[in-house]
Amino acid sequence: MKLQQHEMEELREQLEAQKGDLEEELASHGRILNDAGDWEGSSEGFEGEESDPNDVADQIEELVTNVPLVEELEERHTDVTEALEKMDEGVYGLCEVCNEQISLDRLKANPAARTCIEHAEE
Ligand SMILES: [Zn+2]
């Protein structure tokens, strides 16, 4: 069953809100690498000279936490961005494996879902 216009609008709002949140989180845990929207986990002041050894240890710890975190955030950010692009192209909500319409319940739970329940990886 095809999505209704108002359902689509609701999902778009959710996606845009998620995109904003993810960008905020990315900005606080990482830094943007290029215009293509790639991010990298970072720690503030890591490149500074004359750092106190304790500060350096803290910063390394922060980096160790932030790098995988940023990778995960970036992955979600890509999914959300691609879902919005698909909406613009009119192909939103189709499973990437079987091309069937993903159920509205699933999309409401995760508007950036790429696959139907049968082809979900998680
Ligand atoms: Zn499928």
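**Close-up 1. The second largest cavity.** The second largest cavity has a volume of about 30 Å³. This is a predicted model: local features need pLDDT of at least 70, side-chain atom pairs count only at pLDDT 80 or more, and totals for chains, interfaces and linings use all residues. Residues are numbered from 1 along each chain as its sequence is written, and side-chain values use heavy atoms, with hydrogens and water left out. A cavity is a set of points, on a 1 Å grid over the protein atoms alone, where a 1.4 Å probe fits but cannot get out; lining residues have an atom within 4 Å of a point. Grid points are joined across faces, edges and corners, and the volume is the space filled by probe spheres set on the points. E7, E10, L11, Q14, L104 and K108 form the lining. The largest share, 4 residues, comes from α1. Helices are DSSP runs (H or I, at least four residues), numbered from the N terminus. The lining has 2 nonpolar, 1 polar and 3 charged residues. Here Asp, Glu, Lys and Arg count as charged; Ala, Val, Leu, Ile, Met, Phe, Trp, Tyr, Cys and Pro as nonpolar; the others, Gly among them, as polar.

**Close-up 2. The largest cavity.** The search of the whole structure finds 2 cavities of 30 Å³ or more. The largest has a volume of about 60 Å³. Its lining includes D79, E82, K86, E96 and R114. By class, the lining divides into 6 nonpolar, 1 polar and 5 charged residues.

Close-up 3. A salt bridge puts a side-chain nitrogen of Lys or Arg within 4 Å of a carboxyl oxygen of Asp or Glu. D79 and R114 meet in one, at 2.7 Å, N to O. The pair links distant parts of the chain: D79 sits in helix α2, R114 in the segment after α3, 35 residues apart. Partly exposed lies between buried (under 20% relative accessible area) and exposed (over 50%), using a 1.4 Å probe and protein chains only. D79 is partly exposed at 23%, and so is R114 at 26%. Salt bridges link D79, E82, K86, E96 and R114 in a network.

**Close-up 4. The D88–R12 salt bridge.** The structure holds 7 salt bridges. In one, the side chains of D88 and R12 meet at 3.2 Å, N to O. D88 lies in helix α2 (residues 53-89) and R12 in helix α1, so the pair ties together parts 76 residues apart in sequence. D88 is exposed, at 59% relative accessibility. R12 is partly exposed, at 23%.

Conventions: 1 Å grid on protein atoms, 1.4 Å probe; cavity = no way out; pocket = protein on both sides within 12 Å on 5 of 7 lines; lining within 4 Å. Helix = DSSP H or I, 4+ residues; strand = E, 2+ residues; numbered from the N terminus.
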